[in-house]
Amino acid sequence: MKNLTAIALFVAAGFVTAGSALAQDHKVTATVPFNFTVDGRTLPAGNYTIGNDANSPRILTIADRKDGVAVMAITIPDSGYAADNKLVFHRYGNQYFLSEVRTTSGVMTCHLTASKQEKWARAQTQEASLRVNNDVLIALK
C-alpha cells in the first residue's frame, strides 16, 4: 500500500512539473528614463523587466532588480498585434502613467486601467487648459 501511494505521488508530481514546463513566462525589458506610476505606485526611472505568465495573463509584473523595485497590476488583455514592442505612457504635466504594453506577438499586449492618481492628474491638466494625454512610447527589448 505504501508503494502504491509513493507511485501515485510520483506520477502526480510529474504532471505538475510537466504543466509548469508547458506554461511559458513572457518577459520583455525596457529602459524607462523617467519616474512613472503603475496602479497608484510611483516607480523610479530604471531598467525594467515586464512580464506575465501563461497561467495568469492578466497579471503584469514590472520589476527593476537593481533598485529592488517590483509591482504587479491587473490588466485588460488586448488581442491586437503591434508593429513594434513598446510601452505606452500617458503624460500629464511632469507625471507619467503606464497605459499599455504592446508586443508584436500579441502575447503580452494589454491596457492598464487609469488609477485615481491618473484621473486626478488628467482633471488638473484639463482644468489648467494644458494639452492632455501626450502619449510617450518606450521601445521594448
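Reader: In this predicted model, which residues does Thr-75 touch, not counting residues up to four places away in sequence?
Author: The model is a prediction. Neighbours up to four places away in sequence are set aside here. What remains for Thr-75 is Pro-57, Arg-58, Leu-60, Cys-110, His-111 and Leu-112.

Reader: Is Thr-75 buried or exposed?
Author: Thr-75 sits in strand E6, residues 69-77. Its relative accessible area is 1%. Buried means under 20%, so Thr-75 counts as buried.

Reader: How many bridges join strand E1 to strand E4?
Author: E1 covers residues 25-32 and E4 covers residues 46-53. The two strands run antiparallel. One of the pairs is Ala-30 with Tyr-48 in E4. The number of bridges joining E1 to E4 is eight.

Reader: What do E4 and E5 form?
Author: Strand E5 spans residues 56-64 and pairs with E4 in the antiparallel sense over four bridges. Ile-50 has Ile-62 in E5 as its bridge partner. Two residues lie between E4 and E5, and together these strands form a hairpin.

Reader: Which residues have the most contacts inside the largest nonpolar core?
Author: Nonpolar side chains tend to be buried together in soluble globular proteins. Here the largest nonpolar core has 25 residues. Those with the most contacts inside it are Phe-36, Val-38, Ile-50, Ile-62, Leu-87 and Phe-89.

Reader: Leaving aside neighbours within four places in sequence, which residues is Leu-87 in contact with?
Author: Leu-87 is among the core residues with the most contacts inside it. Its neighbours within four places in sequence are left aside. The contacts of Leu-87 are then Ala-30, Val-32, Ile-50, Leu-98, Glu-100, Val-101, Val-136, Leu-137, Ile-138 and Leu-140.

Notes: Residues numbered from 1 in each chain as written. Predicted model: local features only at pLDDT ≥ 70, side-chain atom pairs only at ≥ 80, totals over all residues. Heavy atoms only, no water. Buried < 20%, exposed > 50% of the residue type's maximum accessible area, 1.4 Å probe, protein only. Contact = heavy atoms within 4.5 Å. Pairing = 2+ DSSP bridges. Core = buried A, V, L, I, M, F, W, Y, C linked by side-chain atoms within 4.5 Å.
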